[in-house]
Amino acid sequence: MKRVLGILTIAFLGGVSSIGVYKLFVEKPQIIVEKTVEPALSTMNASYTPAVLNTSSVPSDFTEAAEKTVNTVVHVKNTAVKEVYNPFEEFFGSGNGKRKQERVGTGSGVIISSDGYIVTNNHVIEGATELEVTLNNKKKYKAELIGADTKNDIALLKINSDIDLPYITFGNSDNAKIGEWVLAVGNPYNLNSTVTAGIVSAKGRDLQGNTNIDAFIQTDAAVNPGNSGGALVNTRGELIGINTAISSRTGSFIGYSFAVPSNITKKIIDDLLEFGNVQEAVIGFSFRPDRDEVEGVEIVSVTPGEGAALAGLQAGDVITKINDVKISKISDLKGQLNAKRPGQSVNVTIDRNGSDLVKTVTLTKRTVFESRSFQIQLKDLSEKDKKDRNLENGAKIVRTTNPAFVEFNVGKDYVITKINGKKVYSASEAATLLDSYSPRSSRRLILEMVSPDGQVERYGL
């Protein structure tokens with residue numbers, strides 16, 4: 001009996017071993033798939049408000065934006081006639097040596113109203129004796145210069161048409177995002193209605209240092225000579241900038257271009273139409289130059305009686321926001337102020353000793369403009385000044401430490417009326433023209449002034 005049980009035990013163990021070997025080496029393992037049914041998506045309320053972008057989605061192409069824009073962009077022809085003097089012609093008896101020389105320049109412009117107002121760059125029309133605008137349908141019109149801002153390089157023209165003209169819609173340039181698709185539309189090399197695409201590469205670009213701050217939108221859309229004054233638009237065909245400059249040593253596009261933001265452009269246009277010149281808004285403080293270790297603009301001192309002081313801003317405060325727009329550097333701040341008008345109020349976020357505070361500041365009109373290159377402060381002529389001195393234009397000197405001016409006793413209450421033969425109509429324009437003059441230029445700087453006792457004086461620097 002014991003022998004039989006032993007044989008059965010051995011047989012059982014052998015069978016188990018055989019089954020184990022089969023399972024391990026012969027039989028393929030079964031794969032079990034568990035399938036979960038996805039529940040239907042449901043809409044939930046978010047606890048935040050999303051930012052508003054200029055574009056709602058990435059387009060598959062740019063045809064809609066291009067179609068909205070091309071007929072609003074025009075070709076601008078600038079004809080300037082100058083009198084030049086050739087002493088050899090006079091010496092050899094062929095007249096008095098004077099003759100007229102015609103120079104023709106071209107650029108672009110953007111129609112901003114159905115009745116024919118057009119925005120372009122100041123440098124496109126500067127010095128023109130005649131302006132001609134050609135629409136995309138080849139119709140030509142004589143244009144009138146309404147006004148210009150040399151500092152921000154914006155000019156406003158007007159043409160008279162018998163029909164309503166197609167015009168562009170302004171977008172909010174503050175909403176433009178780095179990486180957003182944009183189109184540049186213009187007339188490079190006289191090639192009408194050229195459209196190029198790129199992205200916003202940067203915002204708040206300062207191309208000339210802190211003495212003349214600009215807040216350009218930088219893009220990599222191809223812009224070449226002739227594009228100046230043309231439109232930079234988002235993918236909805238809204239104007240977010242006026243193409244102004246390229247970064248190049250050759251004069252042709254090599255990677256980056258720059259546009260004046262539409263918010264600044266619109267403010268300048270409104271000022272030119274309402275006042276005839278640009279009303280510059282200021283907070284009322286002096287600032288420390290940009291520093292790598294500080295994100296924002298640090299206040300050095302506030303001006304008594306002006307917006308910053310009245311709102312409680314102090315030396316040492318760091319401005320980090322204007323309204324809801326982040327301020328990282330001085331050009332960001334300048335860009336926001338250039339788009340505002342005197343009398344407007346803004347919410348200024350400051351960092352004071354590590355704590356964030358929000359102050360409401362009412363902006364005031366800038367009355368004194370400084371040319372740092374010439375160490376001179378200027379202000380606009382009042383109506384009383386113009387009447388008392390029988391002047392139509394000019395900028396009055398408030399203070400100067402320029403050695404040449406001091407040497408010739410030129411100072412307070414002198415009025416600069418012309419700079420290199422060009423009439424100046426505001427202190428802002430005079431300061432900008434002075435700062436744009438290069439001491440290394442072969443051309444002398446000629447200033448025409450009126451002294452406090454009414455004498456016309458001319459100085460060459």
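**Group meeting: a first look at this protein**

Okay, so among contacts between residues at least 6 apart in sequence, 59% join residues at least 24 apart, where a contact means heavy atoms within 4.5 Å. Before I go on: this is a predicted model, so local features need pLDDT of at least 70 and side-chain atom pairs count only at pLDDT 80 or more, while totals for chains, interfaces and linings use all residues. Residues are numbered from 1 along each chain as its sequence is written, and side-chain values use heavy atoms, with hydrogens and water left out.

Now the overall picture. The protein has ten helices and 29 strands; those are DSSP runs, helices being H or I with at least four residues and strands E with at least two, numbered from the N terminus. Of its 461 residues, 42% are buried, and buried means under 20% relative accessible area, with a 1.4 Å probe and protein chains only.

Let's zoom in on helix α5. This one covers residues 262–274, so 13 residues, and spans 18 Å from first C-alpha to last, close to the 18 Å expected at 1.5 Å a residue; the expected span is 1.5 Å times one less than the number of residues. Which residues of α5 are buried? They are S262, I264, T265, K267, I268, I269, D271 and L272. Just after α5, G276 has a positive phi of about 90 degrees.

Last stop, E298. You'll find E298 in strand β17, residues 297–302. E298 is buried, at 14% relative accessible area. Beyond its neighbours within four places in sequence, E298 touches S286, F287, R288, R291, G316, D317 and V318.

Note on methods
Buried means under 20% relative accessible area, exposed over 50%, partly exposed in between (1.4 Å probe, protein chains only).
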